[in-house]
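Open your viewer and get the sequence panel ready beside it. We will take a short walk, one selection at a time.

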Amino acid sequence: MSSSVPRLVIAAPSSGTGKTTVATGLMAALAGRGLAVSPHKVGPDYIDPGYHALATGRVGRNLDAYLCGPELIAPLFLHGARGCDIAVVEGVMGLYDGAAGEGELASTAQVAKVLRAPVVLVVDASSQSRSVAALVHGFVSWDPGVRVGGVILNKVASDRHEELLREALDSVGVPVLGVLRRAAPVETPSRHLGLVPVAERRTEAVEAVAAMAAQVEQGCDLEALLQLARGTGALSGAAWDAAEVLASSPPPPLTVPTVGAAPPDPRFRPERPRPQTPVRLVVAVAGGPAFTFSYAEHSELLVAAGAEVVVFDPLRDEQLPDNTVGLVIGGGFPEVYAAELSANEPLRKAVAALADTGAPVAAECAGLLYLCRELDGRPMCGVLDATARMNERLTLGYRDAVAVGDSSLAVAGTRMRGHEFHRTVVEPGSGAAPAWGVRAPVRRVEGFVQQGVHASYLHTHWASEPGVARRFVERCRTS
């Protein structure tokens, strides 16, 4: 099986050159032409995909070779791009930057090679002219497996500046596919962890994406970019499918019979079971402005495992969705909304009551903070006997983790890769039963497992270990 969806990777020599503006603007400009655009982001970032989704009307998806493994990059890409006219992939950091100490792993270059996609290099051309040729030549020649199909010059000062840049790049043999002039940056406010998510500034975000699209339409050769994308070859292999991967993954461990239990009497013939009304297995997933970080594949796996996923907003909703038997609270910015979350006492009590029944609760990063006794001195759910507070130090990086014990997500010994990204600290950092043992940057245990609760700072991608979704739903059935 193969697919030949046209595709481009938007990359840059480093962060801060304007690739998010170009990638998001290009997605919006192409969607404005009536094309179905599949948006993707290299790496673990949750925020950029929100802007991509706004630009295209489709779910923004991540392609992370560290969290999921290089072998899942093409299947996940094909899953997201199914039925689309073109796919645009925004890179991460510099083109060749990846997981620290891991070579090309998780870099934009690796993803481009796996996808056999041409790279468009966004270059900050300010304060240089002829030197731009040396810069581009270096990126073109560094890895022969990476095809740089064109350059978009950003922050160009004048017609004369553009003329000098184009003249220099003629010697490199890489076409200039766009020139963006120096202008007031598109209003995309940032704070302690990057851009402010779309869910927190919907109206302004719509205006920002429209401005990005206008910049790209005015300064870039869309026809040349489309032609470059359409020149890609077919990708072999099947698209990722949640139901198929669950069907092919090992089932959860069976319950061990009680020692000494009497064997069933062969003469006993049980009554034929009476038809019963199907039980709703509602898994409530936190959303809204305070909890914006999630990978789309998580909900898709939960649904494939038999759950009904219902999104709720902890800032607004005073009760969990009807028939909730499991709870997933992903990442986000509860520290920004601590006062509002604390003020919603009915929901805090509902979450605590659900956890007290032993129902499965999976919490990552922001979810961990919400389950604590307090956050920055404000009462939270009190599920965990721990406190959380803001911290000046940024904790950032990939992690190799192993489940320390059995939980609602994993059996002891399950290995997963995760990502930490926060400016908060939880004290203590782990409970009597930790969630994970982490190998780097220092060996430690972290997180909490108690009753059905699994709470940790680590963001994980369940596509890498789909059995965790099935185990979670099975626990929902039996708790």
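A disulfide here is a pair of cysteine sulfur atoms within 2.5 Å. With that in hand, a search of the whole structure turns up zero disulfides. Select C220 and C365 to see two cysteines: C220 is buried at 9% relative accessibility, and C365 is buried at 6%. Buried means under 20% relative accessible area, exposed over 50%, and partly exposed in between, with a 1.4 Å probe and protein chains only.

Before going on, a word about what you are looking at. This is a predicted model, in which local features need pLDDT of at least 70, side-chain atom pairs count only at pLDDT 80 or more, and totals for chains, interfaces and linings use all residues. Residues are numbered from 1 along each chain as its sequence is written, and side-chain values use heavy atoms, leaving out hydrogens and water.

Now colour by pLDDT, the predictor's confidence in each residue from 0 to 100. The protein chain averages 91, and 90% of the residues score at least 70. Then select residues 254-270: pLDDT is below 50 there, and the stretch has zero contacts in the model beyond near neighbours in sequence. Contact means heavy atoms within 4.5 Å.

Next, select residues 37-42, strand β3. Helices (H or I, at least four residues) and strands (E, at least two) are DSSP runs, numbered from the N terminus. Six of the six residues of β3 are buried, so the strand is largely enclosed by the rest of the structure. V37, P39 and K41 lie on one side, with S38, H40 and V42 on the other. β3 runs parallel to β5 (residues 86-90) over five bridges, with H40 opposite V89. Three bridges join β3 to β4 (residues 61-63), also in parallel, and there V42 faces L63.

Move on to β15, residues 361-364. Which residues of β15 are buried on each side? V361 and A363 are on one side, A362 and E364 on the other. Click A362: its bridge partner in β14 (residues 324-329) is V328, and A362 also stands opposite H454 in β23. β15 and β23 (residues 453-456) run parallel, joined by four bridges.

Finish at helix α6, residues 131-142. Its buried residues are V132, A133, V136 and F139.

How values were computed: Pairing = 2+ DSSP bridges. Expected span 1.5 Å × (residues − 1).
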